[in-house]
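Here's a quick walk through one protein model. Have a look at the sequence and the structure, then read on.

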Amino acid sequence: MEANWEKELSCASQCKRCHKPIEDKDQRILSVYDHQPICMQCKKEEEKRPDYGDASKQMISRCMQETNKPYGDPASYCFHHFCPFKCT
Ligand SMILES: [Zn+2]
């Protein structure tokens with residue numbers, strides 16, 4: 001997951017939630033539930049879910065174990081569940 005996340009996820013051309021097309025220049029972000037790239041609109045909906053806080057915490061601790069990188073390292077895909085990014 002960590003090794004190929006950029007290739008697999010960062011340049012997704014479609015939101016996995018609403019199937020809206022995402023242009024390369026559009027910001028996208030990863031879901032804390034399934035790690036799929038979603039559009040900013042869907043992220044707002046996701047944040048409203050009552051279990052979002054718990055899901056986020058679980059995701060972060062799992063992610064840090066898997067990658068051995070501190071949360072907040074922009075090179076780590078963990079970071080992009082909370083920080084929008086663009087296809088580069
Ligand atoms: Zn969407």
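The zinc ion has four protein donors, Cys 15 (SG), Cys 18 (SG), Cys 39 (SG) and Cys 42 (SG), lying 2.3 Å from it. Donors here are N, O and S atoms within 2.8 Å of the metal (3.2 Å for Na, K and Ca), and since water is not among the atoms, sites may look incomplete. Keep in mind that this is a predicted model: local features need pLDDT of at least 70, side-chain atom pairs count only at pLDDT 80 or more, while totals for chains, interfaces and linings use all residues. Residues are numbered from 1 along each chain as its sequence is written, and side-chain values use heavy atoms, with hydrogens and water left out.

Why is the arrangement around the zinc ion tetrahedral? The four donor atoms subtend angles of 105 to 117 degrees, and four donors count as tetrahedral if all angles lie between 85 and 135 degrees. Along the sequence, the donor residues follow the spacing C-x2-C-x20-C-x2-C. Cys 15 sits in the loop between α1 and β1 (28–30) and Cys 39 in strand β2 (residues 37–39), so this pair ties together parts that are 24 residues apart in sequence. (Helices are DSSP runs of H or I, at least four residues, and strands are runs of E, at least two, numbered from the N terminus.)

Here's how buried some residues are, where buried means under 20% relative accessible area, exposed over 50%, and partly exposed in between (1.4 Å probe, protein chains only).

| Residue | Relative accessible area |
|---|---|
| Cys 15 | 0% |
| Cys 39 | 6% |
| His 80 | 10% |

His 80 is in the segment after α3. A polar atom of the His 80 side chain lies 3.5 Å from the backbone oxygen of Cys 83.

Now for the nonpolar cores, meaning sets of buried Ala, Val, Leu, Ile, Met, Phe, Trp, Tyr and Cys residues joined through side-chain atoms within 4.5 Å. The largest one has 10 residues, including Leu 9, Val 32, Tyr 52, Met 59 and Phe 85. Helix α3 (residues 52–67) supplies the largest share of this core, four residues. Apart from it lies another core, of six residues, among them Cys 15, Ile 22, Ile 29 and Cys 42.

And how far can you trust the model? The average pLDDT (the predictor's confidence in each residue, from 0 to 100) is 87, and 91% of the residues score at least 70.

Methods. Four donors count as tetrahedral if all angles lie between 85 and 135 degrees; four count as square planar and six as octahedral if opposite donors are over 155 degrees apart and all others between 65 and 115; anything else is irregular. A polar contact is a pair of N or O atoms within 3.5 Å; within protein, one must be able to donate a hydrogen and the other to accept it, and residues adjacent in sequence count only if both atoms are side-chain atoms.
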